[in-house]
Amino acid sequence: MTSGKKNIAILGSTGSIGQNSLQVIANLPDRFRVTYLTTNTNIDILEQQIEKFHPQGVVVLNKQYADALRSRIGDVKILSGSDGLLEIARRDDVDIVINSLVGFAGLLPTIEAIQHRKDIALANKETLVAGGELITAMVKEYGVKLVPIDSEHSAIQQCLAGEDRSAIAKIILTASGGPFLHTPLEKFRGITVQEALNHPNWKMGNKITIDSATLMNKGLEVIEARWLFDVPAEQIDVVIHPQSIIHSMVEFVDGSIKAQLGLPDMKIPIQYALTYPERVPLPGGRINFPQLHSMTFFYPDKEKFRCLPLAYEALAIGGTASAIMNAANEVAVQAFLERKLAFDKIAELIEQALHRMPNHRMPELGHIIEADAETRKLVRTLF
Ligand code: MG
């Protein structure tokens, strides 16, 4: 199917999702071709990716690093800055955009890609948290596919294959619980960056690993699910499942429940997003049930993990509240990573931002961008 080869741009190709995506693509050379790659500053890995995948062009967000790469290689177009991301989201030689950027920075390239009728494989969940209503409306308007790369949402999408939306009773998102599942609340103040970056099951980037430690990741995913599957927050439950084997479940109106299981390997949801609704072979480990011993489940402790109820609160408020929550979280997590903020203050700053920032009920893109920028300003004055 050479003529039907799809061209893929990966925004954030040097991160964990980007690297896994390239492994998936390398394994399906008859289906996919890489046309654009991007990084913020990681030009060493990008250079290796260019040698292996021969893209049409690359973007290095940081201008100095872009110049450094230009001095090393001459046979590929090198753009820089966030305009470069928007430019490749528009290109004719792009059919699918894998958005694995981190944070709110992923919103505008997603919008640009949708408006130019690209299908989106979305790992950048903050896009849907900040602008879910807007993005889902645009996906319909432009008739593109937006498929989640997040393992939980991929699981839900797989459970929903062949099902009618009206048959959904409940979405059950599973959460590993992160490294502090059994840490008492009074120890939260003293949690170090090193401890928080030590996730038990998944190897991921720093921002999402801290979000997993606070359970904000699950809060972001509740909001993501609300928009992706058009299900109200009251019908989205979170259950802790420390083994990360069931990636999420859907309960239907007749009481039947479907779950998607697999080893914790992001290549599975990445490949499914790229080939959806088809399923194709993927080499890798397989579950050996007797070796699992047991799978356990319990409800999250919402006193300890305040970020999770705050996400439900943001959804209930509506308007720009989720964008405010997301911006506050991004600033707080960055401050924690820079050792300027205690771990337990992350939730506190988000709560303050949610309650202090004015809410815009029917936000357009401009309101969302403003809410994000103003929240960042406010939160930076709070530590
Ligand atoms: Mg996830």
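The model counts 26 salt bridges, a salt bridge being a side-chain nitrogen of Lys or Arg within 4 Å of a carboxyl oxygen of Asp or Glu. This is a predicted model, in which local features need pLDDT of at least 70 and side-chain atom pairs count only at pLDDT 80 or more, while totals for chains, interfaces and linings use all residues. Residues are numbered from 1 along each chain as its sequence is written, and side-chain values use heavy atoms, with hydrogens and water left out. Here is a friendly tour, starting with the charged pairs.

**Salt bridges**

- Glu278 and Arg31 form a salt bridge whose closest N and O atoms are 3.0 Å apart. This pair links distant parts of the chain, 247 residues apart: Glu278 sits in the loop between α11 (267-275) and α12 (289-292), and Arg31 in the loop between α1 (16-26) and β2. Helices (H or I, at least four residues) and strands (E, at least two) are DSSP runs, numbered from the N terminus.
- Glu278 is partly exposed at 41% relative accessible area, whereas Arg31 counts as buried at 18%. Buried means under 20% relative accessible area, exposed over 50%, and partly exposed in between (1.4 Å probe, protein chains only).
- Arg72 pairs with Glu47 in a salt bridge, with 2.5 Å between the closest N and O atoms. Arg72 belongs to helix α3 and Glu47 to helix α2 (residues 43-53), so the pair ties together parts that are 25 residues apart in sequence.
- Within that pair, Arg72 is partly exposed at 41% relative accessibility, and Glu47 is buried at 17%.
- Asp211 and Lys207 meet through their side chains in a salt bridge of 2.8 Å, N to O. Both lie in helix α9 (residues 206-214), 4 residues apart, about one turn of the helix. An α-helix has 3.6 residues a turn, so residues three or four places apart point the same way. Asp211 and Lys207 are both buried.

**Strands and their pairing**

- Strand β8 (residues 168-175) has 6 of its 8 residues buried, so it is largely enclosed by the rest of the structure.
- Strand β10 (residues 246-252) runs antiparallel to β8, and 5 bridges join the two. Two strands pair if DSSP finds at least two bridges between them. One of these bridges sets Lys170 against its partner Glu251 in β10.
- Strand β9 (residues 236-240) is parallel to β8 and is joined to β8 by 5 bridges. Here Thr174 stands opposite Val239 of β9.
- β2 is likewise largely enclosed by the rest of the structure, because 7 of its 8 residues are buried.
- β1 pairs with β2 in the parallel sense over 5 bridges, and Ala9 stands opposite Tyr36 in β2.

**Packing of helix α4**

- The buried residues of helix α4 (residues 81-90) are Gly81, Gly84, Leu85, Leu86, Ile88 and Ala89.
- They pack against β1 (6-11), β2 (32-39), β3 (57-60), α3 (63-72), β4 (77-80) and α5. Contact means heavy atoms within 4.5 Å.

**Around Ser100**

- Ser100 lies in the loop between β5 (96-99) and α5 (107-115), and at 13% relative accessibility Ser100 counts as buried.
- A polar atom of the Ser100 side chain lies 2.9 Å from the backbone oxygen of Leu11, and the side chain also reaches the backbone oxygen of Gly12 at 3.0 Å. A polar contact is a pair of N or O atoms within 3.5 Å; within protein, one must be able to donate a hydrogen and the other to accept it, and residues adjacent in sequence count only if both atoms are side-chain atoms.
- Leaving aside neighbours within four places in sequence, Ser100 is in contact with Ile10, Leu11, Gly12, Ile17, Gly18 and Ala123.

**On the surface**

- Leu261, Phe289, Met295 and Phe297 make a nonpolar surface patch of about 350 Å². Patches are made of residues with over 30% relative accessible area and no salt bridge: like charges are joined within 9 Å, and nonpolar side chains (Val, Leu, Ile, Met, Phe, Trp, Tyr) within 5 Å. Accessible areas come from the Shrake-Rupley method with a 1.4 Å probe; for residues, only the protein chains shown count as cover.
- Leu261 is found in strand β11 (residues 257-261) and is partly exposed, at 32% relative accessible area.
- Met362, in the loop between α15 (345-356) and α16 (365-380), is exposed with a relative accessible area of 68%. From C-alpha to C-alpha, Met362 and Leu382 are 28 Å apart in space and 20 residues apart in sequence.
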